Amino acid sequence: MPIGNLPVELNSFVGRRQELGEVRRLLADSRLVTLTGVGGTGKTRLALRVAEHVRRAFSDGVWFVDLTELRNPGLPSWEVSDPEVLAYLVAVVLEVHKPGGRPPMRQLTDCLAPRQTLLVLDNCEHLLPACTLLADALLRVCPRLRILATSRQSLGAEGEVIFAVPPLPVPRTDDQPGLADLERCESVALFAARAQCVEPGFTLNAGNLAAVAGLCQRLDGLPLAIELAASRVRVLAPRQILDRLTGRFAVLGQGARGAPARQQTLQACMDWSYDLCDKPERLLWARLTVFVGGFEIDAVEGVCGDDELPTDELLNLLAGLMEKSIVVRDDPPDSTAATARYRMLETIRDYGQDKLREVGQEAVMRRRHRDWYEQLLAQARAEWAGDRQPYWMARLRLEHANLRAAIESCLAEPGHAETAMRLAVTLPGLYWRSRCLFGEGRRWLDRALEKAPAPTALRARALLVNSHLAFAQGDAAAGRRLLAEGEDLTRRLGCVVELAYADYIRGVGALYAADLPGAAEALDRARAALSGVPDRDTHLYLMVLSSFCMAAGLAGDHERAVAAQREMLTIVESRSAGFHRSIALWVGGLISWRRGDLQQAATQVVQALRLKRPRASHDRYTTAQCLEVLAWITADEGRHRRAAALLGAGGALWTEIGTPITSYLHLVGHHDDCEGRLRAALGDAAFADAVHYGRTLSYDDILAFALEEPRQSAPAPREGAPIRLTRREQQVAALVTEGLSNRQIADKLVISQRTAESHVENIFAKLGVTSRSRVAAWIRAQHSDGQRP
């Protein structure tokens, strides 16, 4: 019979295979291993499972000591910080304490010195000094002893190895996994297992899987929170639980009555962590909740520092919260920045927001947050076209959630709509473009313009920026309306730079409409106007030059186009403005292709694509344009399957951007001509196969394929490689071939219209087509070849 006192598991242990293996490895190599993490992350359960797995290696037993009860020891003559209290408790658990004998610590060391034992010390965080002294004393004189501790904060003992227990993996927000994929996700599997305990008939199905996935995401993958949510399935459907999570501490109330008090409610779990913090740490916890999605130390100092929390103390306070697992380090995996980034789990943030309201500082913190990010944007704008451009592109991408929160805060507060407008306008047009956030930028500007109607220069600029975004989205009607209003206000106010900006937008609108002479004329006016401004906006001037170069080149005015490109390259030569350089090279490639110089065209487009290699750039828009031109060049070279794959890769990016190539009439004619020639050369089936291959590549693999470099995650397209439609997609494709509409398909197959639309969209993507007639042609080609789709 096993020696020890490990509690028997009362329900199934879900997931954690990787963590189990790692902790077992650490315990084999180290004598003191501490599992750290936020409350509710499953430290105790993981420790118990590890102890169960390794118990055979400890001939003298595995012993579990719950330190929770020592929070209120009930023995007023003993100080909780006294390691003798812990030694006494451990001796009692091991049944070696003898009243009236030697001190508990001596009794314990005498007992354990010759034994091969594993001691599990659970919940050490409120007794850190005593636990540290106890562990040190035992390990020094008991050579065969190993200790596995759990704590929200590391012990800080000599020889301690720390393993931070992460939350369970959650479904990704940008994926649409099927039922089988969700069932393999550990957080979803835990929810399902615990829901079945209270409602035996509960199963994951198409009707509830989206809500369950949303619950696991909103609860940060915290096992305690997920288990508490699952316990509500007896009275609420998953969708109802999700809808009520705005008051998560009320919804996730009473759990299992037999659980420790701190684990019976999410509120109690958070209260336990809050009580571990000193007063300044509690206040910083509350103030940090004003940040959304993450923050850096300069933002903490700029927003949270004042007389109550002096700036020079904030770093130490932040470190204290990290030690207590309230704040975690959260550097993005693709970041090369030298600056650390931090975040809170949403459950911890929600708790802290309640505390911020309790101390009456919510409004002032939101104002400080808004003001600080306004200053950050002003600095970004001033340095955008210079050597710091790569830094700002990466930083603004990381701060997007905070920027969004700052604008939203301004729009919600009466009298601050102009500040929201200033934030949305100050966000460089480059940022909206490189992140492909045209729709979001327009929504913010629409709301700000509605709330701040005063005829100011700021309003004029906002109208023009909004017009620019509308044209970029292919919404020419809205673009022209906003441009007319903005230009009229600009003329009345006499703003020279804004008038040049209006000409630039007019030229861009004409360019997108394939009015090349009109585009070149308006853009030339904008260029002339900005040339005479001493402190001109360099970013705007570079964008004017690139658009003029494109219009002139496509119109056949190669001399002026080349001159504009040279001016662009001269301006960016002394800067690290890779974004503008890539645009200049792409436009140069377009001009060279138009002139028939395929070698020069390919050289420039490839150089532009190399500048898209740093993931921090995230410039899908220019990358998609480069892929288009490279596909045309490759088709002219006679490499038809490769050209089709490039069209597919570009099409995937256009889809990601949310703006189809058909929105750009100055490019779509060349695109359609290229597609027609490739179909004629390859046949519909082989063309669709190659396009499908290009659409399935990741962004990194798209660049590797375009640059003809080795790829890791995808094989090269093979001649005759089949496209596989699912059984349902085959049925939908057959009905499309019969000429049925999405509504008719839905009725025929007894599915929702939205589901039918999704199937049609998936078929389009797999086949690399944009029309139902092309689907029908592909189906007929398959049947004529005797193949199944």
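# Checking the labels

Student: Which is Ser 325, buried or exposed, and how do you know?

Tutor: Its relative accessible area is 10%. Buried means under 20%, exposed over 50%, and partly exposed in between, using a 1.4 Å probe and protein chains only. So Ser 325 is buried. Before we go on, this is a predicted model: local features need pLDDT of at least 70, side-chain atom pairs count only at pLDDT 80 or more, and totals for chains, interfaces and linings use all residues. Residues are numbered from 1 along each chain as its sequence is written, and side-chain values use heavy atoms, with hydrogens and water left out.

Student: What makes the phi of Ser 325 worth a look?

Tutor: Phi is near 65° there, a positive value in a residue other than glycine. Most residues other than glycine have a negative phi. Ser 325 sits in the loop between α15 (311–323) and β6 (328–329). Those labels are DSSP runs numbered from the N terminus: helices are H or I with at least four residues, strands are E with at least two. On that count the protein has 39 helices and 7 strands.

Student: Which is Asp 220, buried or exposed?

Tutor: Buried, because its relative accessible area is 13%. Asp 220 also has a positive phi, about 60°, although it is not a glycine, and its place is in the loop between α8 (209–218) and α9 (223–230).

Student: What makes Gln 240 buried, partly exposed or exposed?

Tutor: Its relative accessible area is 34%, so Gln 240 counts as partly exposed. Gln 240 belongs to helix α10 (residues 238–243). Gln 240 and Ala 211 lie 29 residues apart in sequence and 8.6 Å apart in space, C-alpha to C-alpha. Across the protein, 55% of the 789 residues count as buried.

Student: How do you know what span helix α33 should have?

Tutor: The expected span is 1.5 Å times one less than the number of residues. With 18 residues (665–682), α33 should span 26 Å, and its end C-alpha atoms are 26 Å apart, so the two agree. Buried residues of α33 include His 666, Leu 667, Cys 674 and Leu 678. Gly 683 follows α33 with a positive phi, near 90°. Helix α34 (684–695) has 12 residues and reaches 16 Å, close to the 16 Å expected; among its buried residues are Phe 687 and Tyr 693.

Student: How do you know how much confidence the predictor has?

Tutor: From pLDDT, the predictor's confidence in each residue, from 0 to 100. The protein averages 83, and 85% of the residues score at least 70. Residues 72–80 stay under 50, with 7 contacts beyond four places in sequence, where contact means heavy atoms within 4.5 Å. Residues 785–789 also stay under 50, with 9 such contacts.
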